[in-house]
Structures are given as structure tokens and as C-alpha cells.
Amino acid sequence: METVSTPTHCPYCALQCGMRLSPVPGGVEVIERADFPVNRGALCGKGRTAPALLSSGVRLTSPLVRSGGTLVPAGWDEALDRIATGLSTARSAYGADACGVFGGGGLTNEKAYALGKFARVVLGTSQIDYNGRFCMSSAAAAGTRAFGLDRGLPFPLADIPRTGCLILVGSNLAETMPPALRYLTELRENGGTLIVVDPRRTRTAEQADLHLAPRPGTDLALALGLLHLVVAEGRTDETYIRDRTAGWTRARAAAMAHWPEHVERITGVPVPQLRKTVRMFCEPEAAMVLTARGPEQQSKGTDTVGAWINLCLATGRAGRPLSGYGCLTGQGNGQGGREHGQKADQLPGYRKLTDPAARRHVAAVWGVDPDTLPGPGRSAYELLDALGTDVRALLLMGSNPVVSAPRAAHVEGRLRSLDFLAVADVVLSETAALADVVLPVTQWAEETGTTTSLEGRVLLRRRALDPPAGVRSDLEVLHGLAARLGVEKGFPTDPEEVFGELRRASAGGPADYSGITYDRLARENGLFWPCPDPTAAPDPTAAPGTTAPASTAHTAPTADVPAPAGAHPGTPRLFLDRFATEDGRARFVPVSHRPAAEEPDAEYPVLLTTGRVVAQYQSGAQTRRVAELNAAAPGPYVELHPRLAARLGAADGDPLAVVSRRGRAVAPARITTAIRPDTVFMPFHWPGEGRANTLTNPALDPVSRMPEFKVCAVRVERAEP
Ligand SMILES: Nc1nc2c(c(=O)[nH]1)N[C@H]1C(S)=C(S)[C@@H](COP(=O)(O)OP(=O)(O)OC[C@H]3O[C@@H](n4cnc5c(=O)[nH]c(N)nc54)[C@H](O)[C@@H]3O)O[C@H]1N2
Ligand SMILES: Nc1nc2c(c(=O)[nH]1)N[C@H]1C(S)=C(S)[C@@H](COP(=O)(O)OP(=O)(O)OC[C@H]3O[C@@H](n4cnc5c(=O)[nH]c(N)nc54)[C@H](O)[C@@H]3O)O[C@H]1N2
Ligand code: SF4
Ligand SMILES: [Mo]
């Protein structure tokens, strides 16, 4: 059995757990892959049941085209012809920017790269963005601003158990990355401490030595209050501040305006807890802060993450062994998906679309004139909001915004108002159901490709079985469309060939993959970028400090195989010698508290926050089709405190209507003391009347353009059963 099984990685989250797929009659089954160091064989229920979605009963196996209002099966040629016509009609009537492209952080690096190239080279449109904008974009923006480079975790997860204190801000990893819980347990077994910041006492918060439960949307004030105390108690690291940072004076002044008592009033976190946090964080030799969607999905997410980074910098806890700030990226290829060009402002290798040298480099790889490359386009929500007006035809791959976008009823309306919508998916998602053409595509286990995990570790997923008849890969889709739109060359269907081009396009860029090959990935359990090709000529356009020489790359204590002679070993740890800024110094950013875009008032007196449950994934398009997962998490609910429930006269299970300025959602009450009395929580995995995103506020962060998924004002009422 072992000899015929294929080592690969889970299709879902950014942990990218290793697994093996072993053939069984009618498909494959998942077996343990203990040699992959990140999860050492452990999987959550989603990973374990992932093969259920490969069988043809639950998925699309024929293209569908709209005819007389309904979707009917059609051949591939007809479907691709229709899409090419839909896109070129919009382009000739309204110009190239009338064509939009929407991608996803679950797509492999090869697909994300090809999709970005397709938009810029074939369609010539600036209007491309992806669902990662809704995910970690605030942390990415803050990381770039402070460190000159965004790689979610600048160190491997394996460092966590050896640090002294970890502050986990707005991450419920016990449910969102269950095998990673081991790192928190090991930290505490080693004598380190864990602080969890979450308005709810989650399964993750239950593991903590200290749980801070701030009011949603106040993490910025919380971090500033902690920094105030660090200064007041004389706990800054002045040598580090002098040698490795810039901008302290102004950031310090901004923090000093945030008195602990004032911060307690804003956040609801008592001053003694603030003092205790500072003590726990500052006393050990090393400490870390990790953020996830809680503080990031706010209309001030970038500044909020910036405030936590300031705390790390002031205490000398970044770019040092076992210390640092990191973001827990979410989607399967959430890291790689933001590096290779499907983001509105980016070119491959994490290059900037506005940088003339970057445009020249990538245009040369693509064989086009740099002047033909469009500039940056709209961000995800702004793009969705422009559908049917400025953007008339859309190609969507790897997202289900009818369920997952903020102010979803409005977004659904914009999608319906398009002249033409094409969706490539594995199932008939709620968004695919609105399309004019639906393309059935292959999935993880049926195709080869690379992903980059939350650690910045590039991994190889391998084809383990043949796809059902009638489906094609996303790369074949782009190849077929490019050819129909007059671009015969440059869209190969072999993922390894695409990766070869991606390597060249990324060479010398911040996220340099040029030293990575499929062959090495197959042998070395993944490689951390930057991983330049030492034989390539140095690129004058490279950002300083991003192409680490081999000597500064510290190898993680993992089961990794040594690099071949002369090859770059990859870079598990960043910033140990210098940050990726011009002068090598990290930047403090002066930030100040500001309220949420929508604060409670007499009409909408309660705060709504949203998030995830362990058994469902994202919009649920995939996991709602797996019986075991549905049994574990069958539908939406409204989590609320007994005091709020008593005020409403609601009992557990009673239907509640949650009403915001954008709409109304109905779901049963789940009463628990684990949530603040001023807040209700809804998971966002379901469509229909319990759709949480009917309610959410699309107010955007000015830097990252992240919508405010984590806080809006609502009214809660009893609904008719
Ligand atoms: N089971 C499962 N796992 C997943 C996913 C999934 O859909 N399901 N999705 C994957 C993806 S793409 C992502 S991005 C990650 C997300 O992983 P997480 O960030 O862990 O997930 P969330 O549940 O969105 O949010 C985390 C916590 O933030 C808290 N929170 C809400 N408002 C605030 C606030 O204002 N401040 C603070 N500090 N906390 C707040 C919520 O109570 C919640 O417990 O999970 C990945 N893994
Ligand atoms: N209220 C609220 N809303 C949120 C969030 C929140 O915390 N609260 N979190 C946000 C976050 S962090 C995220 S990441 C988004 C995610 O939300 P979505 O972007 O909707 O993510 P998925 O549900 O994973 O959608 C992926 C779709 O692509 C399909 N698919 C999977 N693999 C492939 C492939 O290889 N090719 C193609 N063509 N299709 C594929 C799947 O079947 C599915 O239909 O939701 C955001 N929305
Ligand atoms: S934790 Fe994430 S990567 Fe691991 S098995 Fe679960 S969904 Fe898959
Ligand atoms: Mo995400």
C-alpha cells in the first residue's frame, strides 16, 4: 500500500498538512504522512474527508451554458467560445477595463500566475483582484510597511514551542488549523506562556494562560495601551531601537496618548490584565505576536497590525531568534496566491505593478512591451461593486462571493447585473449558479501544482488519480481562452512548464522562487522563499535585503533533507541580520485609535462579529457537500450571551433575526457565556436566510482595502419560528 501511495497536501487551509493518497476502488483514501514536519500525520476532519469531493456524484462534470434562463450541459468548445465572445464583446464595446477577473487564494501558484498573466496580456485589463483581499491583506500591508517585505510567518511554526511568550490576536486556530494546536501545547509544556486576544472564549482561548476579551474592533487601542505601559514601566529595548529601527519618536508619542485607563474604557480589558500582559510578554528572553483575521478584518486592520508590530519593535522582538511578529495566513495558497500577480497591484515575485523596473523584468519574461501592461486595478470589493457598471464581463476562478463577500446581497445583485459571467469551479457554487457559462475543473488530487504555506514554505501537490471524464484543469481553461482571444503561445497546460516561467518571472523579486524546482520540492519537504538560483545573474531590480545569502538562512529543526551542493537552501527565517528596507531598519508607524466604521447606536445597539467553525470551510461550497462535515456543523447560528438572550426572551435554539443597515439574517440562538454580552457572533459558511454576509459592512481599510468583516452594528430580535 505504502509504495503506491502519493505524498501530497490538503486542499483546504494554509497549514497545508501533509497527507498520502492511496488508491482504493473508485477513488483514493487519505493515509497518514508522518514525515511531513508541520503536522506529523495529524489532520483535521476536513482534510481527512477531502476525497469525498472527488467522486463525480457531487461535482460538475460537464460545462454548462445558460439557455432560456437555465444552465444546460454543453461541450467544451461551445462553452469556451461563449466565454471568449462574452469577454471580447465587452472589450470592444467599452474597452479592456470592462473585462474583470476574480481569483482565489486556494489556486496553486501556477494558476494564480497564469490568471494574472491572462488578465494583463490577453485581456489587457487592470481589473483583476482576488479573495485574498478579504483575508490577510491588512497584515500584508502592515508587514510591508514595517519590514519592507510580507511573508506571513518570518519563521517556521516549529519555533513557537521554544519562545517565551506568545500573544495570539484574533486567531481561533484550535478550530481553523487544529493540528497547529500542538505548537501551543508544546510551548506551555516548555514553560512558555500563551495569551489569547478574542472577544469570545474560544477553544483556543481555553488553552491560554491569559485570555483578553476586548470589544470587537478595539485591538488597535489595546496594542497602544500595552505599548504605553511598556514605555511607562521602562521595558523598551533602547539598543535594539537604536540599531535596528527608525521612527520611534513619533510612534512613542502616539502610544503615550493612550493611557491604560482610557484603553480599558475603549476595549473593556481591565488595566490589571493589561499590566499582566506586558509582564508576561516582556520578561522572557524571547516572545512572539501572531495575528489572524480578528484584528485584521477591520477598516483599520493595517494600523491595528502596525500597532502590534510597534509593540514587538519597541521590545526588541522582531528579527531575532525565537522572537517576531507573524500573520497566520488562511487559504491553502494564501501566501503564494498573493505573490504571483492575481492581486490588483502586483506582478509575479511579489513585484509592484507600479515599479518600472519590475514591469520591464516581467514584460521581458512574457515577451511583451512593458508599456502594454495595464496599471493597478480595483480591490476585490470595489471590483465586485463595479460589476454591471464599469465592469461588464467577469471571469471568476476559485471564489464564491455570493456567500463570502461583505454586503453579499448587494454583491449578488451586481453579479446578476453583469452582461456576462463565467465561473470555473469544481461544484455548482452559489456564484456559479448565476453564471452564463460554468466550467467544471480538476481538483488538487487530480493535478500537480505548488502552494506556499503560511510558513512561506513552497510545497508540491501531486496528481494521485485521473480526473473524471469531462473536466479540464484551470490551466487548460486559460490556454483555451487565450487561444480563442488570439494569444496562441504563453499559456502552457503543463504545471511544471508554468512553474519554470514563474521561476524566471520571480527571479530577483522579493518572493524569489528561481532556485526552486519540482525535483527539489519532491525531495526536500518544501523550500522556504526567498530561494534564488545562485547560477542566475543578479537582478538590479531586486529589493535590498530580500535575497538572503545562504549563510543567513537557518535551517529549521525539521526532517528536511539538505539542499543539493551549490543550491540555495531556502530561507526559513527572515530578518535576523537586517529587515528588507533600503537601510535594513524596521519602520515604526505612528498610529492612533479610531472607532469602527459603524458603532452601535439606539437603533442598532449590538456588535456583530463573524468567523468560522471547525467542520466547515469558507463559503462552504466544498465542505457543505461532505456528509460527515455537515452532520458536525449543519447550519448557521447566532451565538449570544445569556444576558442578551434574557433581554430578548429567547431560549437556546429559538430563531433570531439579526438586522443591520444592509439586511436581515435569521438563524437559531446558541446561548453561551463564552461571548461578551454586547456582541453576537455568526459563522459565515452558509447561503440563504442565515447568510452572515447579508449583514456585514463593506467599509474598507484605506491602505489594504480590507472590508470590516469583524465588526458592524446590528439589532437582534426574535423571529417567527
Ligand atoms: N474550519 C475552518 N478552518 C479554516 C477556514 C475555514 O473557513 N474553516 N478558513 C481558512 C482561512 S481562509 C482563514 S483566513 C483562517 C482564519 O482563521 P482565524 O482567524 O482563526 O478565523 P476566524 O474565525 O475568522 O477569526 C478568529 C477569531 O477572531 C475573533 N474575533 C472577532 N472579532 C474580533 C476582534 O475585533 N478582535 C479580535 N482580537 N478577535 C476577533 C473571533 O471570535 C474568532 O474566534 O482559517 C483557515 N482555516
Ligand atoms: N463574514 C465573513 N466573511 C468572510 C470572512 C469572515 O471571516 N467573515 N473571511 C473572508 C476570508 S478570510 C476569505 S479567505 C474568504 C473566502 O471565501 P471564498 O472566496 O468564497 O472561498 P471558498 O469558499 O474557498 O471558495 C472557493 C471556490 O472555488 C472552488 N475551488 C476550489 N478549488 C478550486 C480550483 O482549484 N479551481 C477553481 N476554479 N475553483 C476551485 C470551490 O469549490 C469554491 O466554490 O471569505 C471571506 N469572507
Ligand atoms: S488543518 Fe488545514 S491543511 Fe490541515 S487537514 Fe485541516 S484543513 Fe487541511
Ligand atoms: Mo482567508
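Modeller: Domain bounds in this discussion come from an automatic or database domain assignment. The model is predicted: local features need pLDDT of at least 70, side-chain atom pairs count only at pLDDT 80 or more, and totals for chains, interfaces and linings use all residues. Residues are numbered from 1 along each chain as its sequence is written, chains are lettered from A and ligands numbered from 1 in the order in which they are written, and side-chain values use heavy atoms, with hydrogens and water left out.

Colleague: Which domains does the shell around ligand 2 draw on?

Modeller: Domain 2 (64-134 + 333-445 + 468-494) and domain 4 (606-718) each give at least three residues to that shell.

Colleague: What makes a residue count as near ligand 2, and how many residues surround this ligand?

Modeller: A residue is near if one of its heavy atoms lies within 4 Å of the molecule. Ligand 2 is surrounded by 31 residues, and the closest are Asn-131, Ser-399, Ser-404, Asp-425 and Ser-619. By class, twelve are nonpolar, 14 polar and five charged (Ala, Val, Leu, Ile, Met, Phe, Trp, Tyr, Cys and Pro count as nonpolar, Asp, Glu, Lys and Arg as charged, and the others, Gly among them, as polar).

Colleague: Why is the pair formed by Ser-619 and ligand 2 called a polar contact?

Modeller: The term requires a pair of N or O atoms within 3.5 Å. A polar side-chain atom of Ser-619 is 2.5 Å from an oxygen atom of ligand 2, so the pair qualifies. Ser-399 has a side-chain N or O atom 2.7 Å from a ligand 2 oxygen, and for Lys-710 the distance from a polar side-chain atom to such an oxygen is 3.0 Å. The protein buries 95% of the 920 Å² that ligand 2 exposes when taken alone (areas by the Shrake-Rupley method with a 1.4 Å probe).

Colleague: What makes a set of grid points a pocket?

Modeller: On a 1 Å grid over the protein atoms alone, a pocket is an open set with protein on both sides within 12 Å along at least five of seven lines, and lining residues have an atom within 4 Å of a point. The largest pocket has a volume of about 680 Å³ (the space filled by probe spheres set on the points). Its lining has 30 residues, with Thr-144, Gly-148, Gln-346, Tyr-350 and Lys-352 closest to the centre.

Colleague: Which domains contribute to the lining of the second largest pocket?

Modeller: Domain 3 (153-327) and domain 4 (606-718) each supply at least three residues to that lining. The second largest pocket holds about 320 Å³ of space. Among its 19 lining residues, Glu-175, Arg-203, Tyr-637, Glu-639 and Arg-670 lie nearest its centre.

Conventions
1 Å grid on protein atoms, 1.4 Å probe; cavity = no way out; pocket = protein on both sides within 12 Å on 5 of 7 lines; lining within 4 Å. Polar contact = N/O pair within 3.5 Å; in protein donor to acceptor, adjacent residues only side chain to side chain.
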